Amino acid sequence: MQTTTPDTPLNLAVLLGSNREGRFAPVVADWFLARAREHADFTVDLVDVADADLPTALSHAPGPAVRAALAEVGPRLAAADAFVVVTPEYNHSYPASLKALVDWHFAEWQAKPVGFVSYGGVSGGLRAVEHLRQVFAELHAVTVRDTVSLHNAGALFDADGTLRDPSGPDAAAKKLLDQLAWWAGTLRTARTTRPYAA
Ligand SMILES: Cc1cc2nc3c(=O)[nH]c(=O)nc-3n(C[C@H](O)[C@H](O)[C@H](O)COP(=O)(O)O)c2cc1C
């Protein structure tokens, strides 16, 4: 896909969706972040659910600790022109920690594109991604068709966290980022020109 590099870089927030003890997530995230930072159209911010640490119990009157966590992460989501969710698959879906991050916010997602990098066992996280598409549709976000899907992800990387054969995943990441840039640039212009009718 041909894209025209935007005058102002697009803000890409990469959401890291696992907070599991001993998680594999950083290996996948580090590889994808390097691909995203190579892409001319984006500046990249990593939002890690393990750092955001938002509770699954939602509240209209959260206490000081949750308010502080929201004050830290909310503006970063609001500043994003695009999101990539890096998610594992747990029991055919995505982690509760990721759902909490999504549910504590609303307008931050609106009229913005969301791409997916998924990983897991045999499924490569594909079922987690299909569930997330439904969630983001409810939030007035658009999800990008092409994804990166790492099947039996642990075996794809060596002990240093380097992909044994990067050709397929690198090509998939490039395609995802190109499609995401098209949507992010188009929707940023649209949001500026005309308020979204949520
Ligand atoms: C509770 C749990 C459920 C899982 N369910 C699935 C599954 O349904 N499909 C799959 O392909 N892998 C499944 N896996 C494997 C994970 O996707 C894989 O271990 C992945 O690396 C977990 O990501 P994390 O280490 O970053 O948390 C499951 C793992 C856990 C811990």
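Residues 24 or more positions apart supply 83% of the protein's contacts with a separation of 6 or more, a contact being two C-beta atoms, placed from the backbone, within 7 Å. Please note that this is a predicted model, where local features need pLDDT of at least 70, side-chain atom pairs count only at pLDDT 80 or more, and totals for chains, interfaces and linings use all residues. Residues are numbered from 1 along each chain as its sequence is written.

**Overall fold**
- The protein has seven helices and six strands, taken as DSSP runs (helices H or I, at least four residues; strands E, at least two) numbered from the N terminus.
- Along the sequence, the pattern reads β-α-β-α-α-β-α-β-α-β-β-α-α.
- The C-alpha trace spans about 45 × 40 × 25 Å along its principal axes.

**Burial and helix 7**
- Of the 198 residues, 39% are buried, meaning that 20 or more other C-beta atoms, placed from the backbone, lie within 10 Å of the residue's own.
- Buried residues in helix 7 include Pro169, Leu176, Trp183 and Leu187.

- Residues 11-153 are 39% helix and 22% strand, with end C-alpha atoms 27 Å apart.

**Around the ligand**
- Ser18, Ala25, Pro88, Gly120 and Gly121 come nearest among the 16 residues around the ligand, which have a C-beta atom, placed from the backbone, within 6 Å of it.

Technical notes: Buried ≥ 20, exposed ≤ 12 C-beta atoms within 10 Å, placed from the backbone.
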